[in-house]
Amino acid sequence: MDTWKPKTKLVHAGTKRSQFGELSEAMFLTQGFAYDTAEAAEARFIETQEDEYIYARYGNPTVRMFEERIAALEGAEDAFATASGMAAVSGTLFSMLRAGDHIVSAKALFGSCLYIVDDVLRRWGIEVTLVDGTDLDAWRAAMQPNTKVCFLEALSNPTLEVIDIAGVAEITHAAGATLVVDNVFVTPMFQRTLELGADVVIYSATKHIDGQGRVMGGVVLGTREFIRKTFEPFNKHTGPCMSPFNAWVLLKGMETLALRCDAQADTAQAVSDAVEGHNKLSRAIYPFAHSHPQQALAKAQMTKGGTMLALDISGGKDGAFRFLNALKIVTLSNNLGDAKSLTTHPATTTHQRLTDAERAGLGITDGLVRLSMGLEDTDDLVADILQALDAV
Ligand SMILES: *Cc1c(COP(=O)(O)O)cnc(C)c1O
């Protein structure tokens, strides 16, 4: 299996068949597991072997198939699935940090990630330094003797800044700390994040991995040592386990993940090309666009530019709302990575909670809209976006 290419792993990795030889992965909707003897129960609690289970909060065969499939894809030794992407992010940070420790984080984060880092961790006595993630000198200057974790989103939400993962990894490791990367916006398809130097990679499986808007899920990937000794004890005792039903949906989602991500990224690139220099835009942001200040870094790190774009519409909030209300195919929703193309206005939704100054610091202007390109026909989507710009 190690020599298989990603598309083969996405279809076959982690599959385990029961005695019935079912072709499609089985859904094991069971909380508990029976033991043949009291001795067998005792042995399983002393040390659980592979393919042995105790309780579904600790592990479940369908969830395990999902974990093994995504670990194979990412090239990670091990993985642990969680109830949501935020359970994966918060569990990772809570399991690694204690009062008195220090974390350095990029400041451009998904809203809930920012709440965990900047609010909860501080309340629990953890020192927090937020830096401009694109500035390696800022990362270097932020390191302290008690720095345990560096955290970033490889492609930031919503302004699609590209962070130099190898550069931050080198600084992190020189300080003896661990680099945790939330890779949701890049997807598992377009970047070898562990090979670039990340120690732990996190996905919200709710996004591209499901990709059809059905279930919540998350996953943490890293060394076996980290997953089993640090993450698993925290997550299995605090409780946010993945449901076997959701794991089954996500296994089916992974079978088509490569095809979907490729098609969605190709459409995002086509939209980026079509709107470049448009007179109703003050800025069009796409990592592979010539106008992106980090196009070269993006092309060195990623195989495609991703499925997301951000457009800064002329006329501020008024212009942005005219654009959003004129769209006929692209749907207003704060989700992303879906088969349906989606768009959101971060200033009034996902980042509404921030002050004007905080939003300005993150480049979230009143005219900015975020687009997640779906699986509809590329020409239809380009036409829809261009006609909505005409309405501005
Ligand atoms: C959606 C998202 C999360 C949280 O995932 P949920 O599954 O919604 O809990 C975390 N980070 C990023 C970058 C996301 O886009």
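Arg-64 and Glu-67 lie three residues apart in helix α3 (residues 61-74), so about one helical turn separates them. Helices here are DSSP runs of H or I with at least four residues, strands are runs of E with at least two, and both are numbered from the N terminus. Arg-64 forms a salt bridge with Glu-67, with 2.9 Å between the closest N and O atoms. A salt bridge is a side-chain nitrogen of Lys or Arg within 4 Å of a carboxyl oxygen of Asp or Glu. Side chains of opposite charge can pair when their charged atoms come close. Arg-64 is buried at a relative accessible area of 16%, and Glu-67 is buried at 6%. Buried means under 20% relative accessible area, exposed means over 50%, and partly exposed lies in between (1.4 Å probe, protein chains only).

The model is predicted: local features need pLDDT of at least 70, side-chain atom pairs count only at pLDDT 80 or more, and totals for chains, interfaces and linings use all residues. Residues are numbered from 1 along each chain as its sequence is written, and side-chain values use heavy atoms, with hydrogens and water left out.

A search of the whole structure finds 24 salt bridges. Arg-64 and Glu-67 belong to a network of salt bridges that also links Lys-16, Asp-51, Glu-68, Asp-78, Arg-224, Arg-228, Glu-232 and Lys-236. Another salt bridge joins Asp-101 to Lys-148, the closest N and O atoms being 3.0 Å apart. This pair links distant parts of the chain, 47 residues apart: Asp-101 is in the loop between α4 (85-96) and β2 (102-106), and Lys-148 is in strand β4 (residues 147-153). Asp-101 is buried, with a relative accessible area of 7%, whereas Lys-148 is partly exposed at 36%.

In helix α9 (residues 244-255), which holds Phe-245, Lys-252 and Glu-255 are three residues apart and thus separated by about one helical turn. Lys-252 forms a salt bridge with Glu-255, with the closest N and O atoms 3.1 Å apart. Lys-252 is partly exposed at 22% relative accessibility, and Glu-255 is partly exposed at 29%. Phe-245 is partly exposed as well, with a relative accessible area of 39%. Together with Met-27 and Leu-29, Phe-245 makes a nonpolar surface patch of about 290 Å². Patches are made of residues with over 30% relative accessible area and no salt bridge; like charges are joined within 9 Å and nonpolar side chains (Val, Leu, Ile, Met, Phe, Trp, Tyr) within 5 Å. Accessible areas come from the Shrake-Rupley method with a 1.4 Å probe, and for residues only the protein chains shown count as cover.

Asn-235 is in helix α8 (residues 224-238) and is buried, with a relative accessible area of 0%. Leaving aside residues up to four places away in sequence, Asn-235 touches Phe-80, Ala-81, Thr-82, Ala-87, Pro-240 and Cys-241. Contact means heavy atoms within 4.5 Å.

The chain is divided into domain 1 (6-254) and domain 2 (258-390), with bounds from an automatic or database domain assignment. The contact takes 36 residues from domain 1 and 36 residues from domain 2. The two domains bury about 2900 Å² between them, 63% of it on carbon and sulfur atoms. Buried area is the accessible area (1.4 Å probe) that two parts lose on being put together, summed over both. Across this interface, zero salt bridges are found.
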